[in-house]
Amino acid sequence: MIDFELSQRDRNILDQVRQQSLVCRQYARHYDENEHEFPPDVLPEAADFPELAGEMLRREEGDSGLGVLGLLVTMGEHWGDYSVRIRRPKGTALGNAALRASGTPEQREKWRSLTLAMAITEPGCGSDPSQVQTTAVLDEGSDEWVINGEKIFVTAGCRAEGVVLWATLDRSAGRAGIKSFLVEKGTPGFVVSQKEKKLGIRADDTAAYVFNDCRIPRGNLLGGKEEIPKAGSGGFKGVMKTFNMTRPLVAAIGLGMGEAALDFTREHLEDCGVDLGYGGAASGQSAAAEKFQRLEAIYEAAKLTILRAAWLADAGQPNNLESSLCKAKTGAAVREITQGCIEILGPLAISRDHLLEKWFRDVRITDIYEGTGEIQRMIIARTLFGYTRADLS
Amino acid sequence: MISFEPSEEQQVVREAMHEFAEQVLRPASREADEASALPDAVLAQLHELGLVATQLPEAFGGGGEQRSPLTNAILLDELAWGDAAFAMAALAPAAFAFAVADQGTQDQQAEWLPRFCGEKPYAAALALVEPSPLFDVNRLRTVAEPKGDDGFVLSGAKSCVPLGDRAEAFLVIARNNGARDAFILPRDAAGLSISETEKNLGLKALPTVTLELERVEVPAAARLGGSDGCDVQQLVDRARVAKAAVLTGLSRAVLDYSVPYAKDRRAFDQAIAQKQAIAFRIADMRIEIDAQRWLSWKAAADLEYGRPATKSAHHAGAYAAEKAMWIADNGVQVLGGHGFIREHPVELWYRNARTLGVLEGMLSV
């Protein structure tokens, strides 16, 4: 049965997330202005807020699926702030998603308590990971992989306790030669070389790594398959599968901040007596009201595409196209929403006394990381045309 | 619970409507547009589907099926994929019939609803739009003046009234003492003059007319809902959701036509689909079709479960109007010169998207 209304239990969970987010928001400006500091893992107010994980996992008749609820909670958390959390749970970074998607059961068990960053991008390659230059060479004598190369834009790279990185066994094999490896912090030859200074999401650390003859155990190859599959055999698709869940997730992250911007703007418009009635024609309204309603519709549309991708995953159906679709939609939506909110409110909005200018900076990454809007459109178009990478790139 | 799962019945309806759209509506679309006429054969086949009658109460000769705005949104989406003008011809009488079923008095229901349940198509329409610039449903110029206790006098003009060439009754929306009301007006009411069929940019197969109301006297019993009046905004909301569904179907028609064309058409030793400038446009069409559809489903669900729907219906209608126009516009661009030639249907969809986007109150779900 088609429906878009949450159960009372799910609404309660999201209400509690909202309460937590209001607390987190009080810290948001501080960690934006002090980029070198890390928000604490536990806020002093944590005692006032019960853990929600158990309540979320207990799904009853009429409740939404866990994937759907998880993304709504993610939106709610980021409505408060991108980085500050009442309690920062362990094991929720992108590398953990990769471990869950492609690790063997033993690997998942062994490393599940570590916070794992994900390192794909290099100084010379971003959207096209087949160009990865970092190498992994097997030393059969010591049963170790020897890693050499550089990684940049590693999210949570300073805070993480380990990293899942992409390295090639054979550059001539192209994408088929790329494998994921897990490297723990403290391994000799693995250096965190830099912490980036960014436009937004400043409290979220972004690191650069250097690997110099870094030796890791042979069992640290994620999934354990050492052979290079034949080109076109779909070996790379397994690696990319991780993104079917992380793309709706980063879309939800961005949209939570977009929602914050809309709520802030709505409040100020109402204070100024702008009528946001929805009954009439655009021509009968003030330009501010008409523009705001348009942004609100864009927000609603993006949110529904995200929930659609999550709902498909919950139902065990493929969501490759939909995860790209929601990411592309939301990446563009949050740019337009935050830019538009500033335009509506005018000079007030650019003051750092308010958070709107921060949301405007923070959301901009949504259309870039985890696959740019252009990459998502490429994936969607290939699906529509029945094309391969060779046909359209 | 958040769920995008159509019921089994909704899936059956969607498949049946798609087949009908493909076999009956699409083949008749171009000729009807060129002739600016609604073919009787198509109208008869649409009537046989029983889209309106099945959802009216059994007591008045209907099928007694539970009205479902969601199912109606799904079927409009499919019918409009075939042809938007035909989809609107099928559901325009619903704007009258559903309004009476939802908000009419017992007497009004008994008098009017059986007419929609007969063998032959029965035409009746909602008359909301007015022929003035910057038309706004909140600022109607058509006025109903109370005439003692026993009736009203209607003055003003209504345009874009669907099926107005044949409609046997109109539901005229007018300002009544600052509020809005709906009045049932038979075609032969004294003081009502009906224009020739309007000549419009698009939806040419859907005959529309202008009504001139010169002090038309109606009894108090003609006021929808009797002495309580009715909720006109609900009629507007339902029409907006229906419009969003039609625009979604129109958008899908453009996408489904553009994809094979772009793969087939070659330039500079490549299919144009292999060029990002074309491929990304078409990817954006796909993105915005999903966005339109989910917004229309959200608003339809609000109506179906009796939740406030004015805001979601506004978003669905306004968003679909903007994006369907964008999609049709880019469909023309993907086809290039062929998009401009009437041998292909894309120019027709381009005109229909612009036409439909500015209309209000012609349908219902």
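Contact here means heavy atoms within 4.5 Å. This is a predicted model. Chain A has 393 residues, and 55% of them count as buried. Its secondary structure comes to 11 helices and eight strands.

**Overall build of chain A**

- Along the principal axes, the C-alpha atoms of chain A fill a box of roughly 75 × 50 × 45 Å.
- Take the contacts in chain A between residues at least 6 apart in sequence: 72% of these join residues at least 24 apart.

**Surface and charge of chain A**

- Chain A carries 47 positive and 56 negative side chains.
- The centres of these two charge sets lie 4 Å apart.

**Domains of chain A**

- Chain A is divided into domain 1 (8-94), domain 2 (102-231) and domain 3 (240-385).
- Between the C-alpha centres of domain 1 and domain 2 of chain A, the separation is 28 Å.
- These two domains of chain A touch: 13 residues of domain 1 are in contact with 18 residues of domain 2.

**Leu163(B)**

- Leu163(B) sits in the loop between β4 (151-162) and β5 (169-176) of chain B.
- Leu163(B) counts as buried because its relative accessibility is 3%, and the cut-off for buried is under 20%.
- Leaving aside residues up to four places away in sequence, Leu163(B) touches Leu38(B), Ala89(B), Ala92(B), Pro93(B), Ala123(B), Leu206(B) and Pro207(B).
- Ala90(B) is 73 residues from Leu163(B) in sequence, and their C-alpha atoms are 9.9 Å apart in space.

**Leu222(A)**

- Leu222(A) lies in the loop between β8 (206-217) and α6 (235-241) of chain A.
- Leu222(A) is buried too, with a relative accessible area of 7%.
- Among the residues that Leu222(A) touches, not counting those up to four places away in sequence, are Ala98(A), Leu99(A), Ser102(A), Gly103(A), Gln107(A) and Trp111(A).
- Val164(A), Ser180(A), Phe181(A) and Leu182(A) are also touched by Leu222(A).
- Arg308(A) is 86 residues from Leu222(A) along the chain, and the C-alpha atoms of the two are separated by 30 Å.

Key: Residues are numbered from 1 along each chain as its sequence is written. Chains are lettered from A and ligands numbered from 1 in the order in which they are written. This is a predicted model: local features need pLDDT of at least 70, side-chain atom pairs count only at pLDDT 80 or more; totals for chains, interfaces and linings use all residues. Side-chain values use heavy atoms; hydrogens and water are left out. Helices (H or I, at least four residues) and strands (E, at least two) are DSSP runs, numbered from the N terminus. Buried means under 20% relative accessible area, exposed over 50%, partly exposed in between (1.4 Å probe, protein chains only). Lys and Arg count as positive and Asp and Glu as negative; His and the chain ends are not counted. The place of a charge is taken as NZ of Lys, CZ of Arg, CG of Asp or CD of Glu. Domain bounds come from an automatic or database domain assignment.
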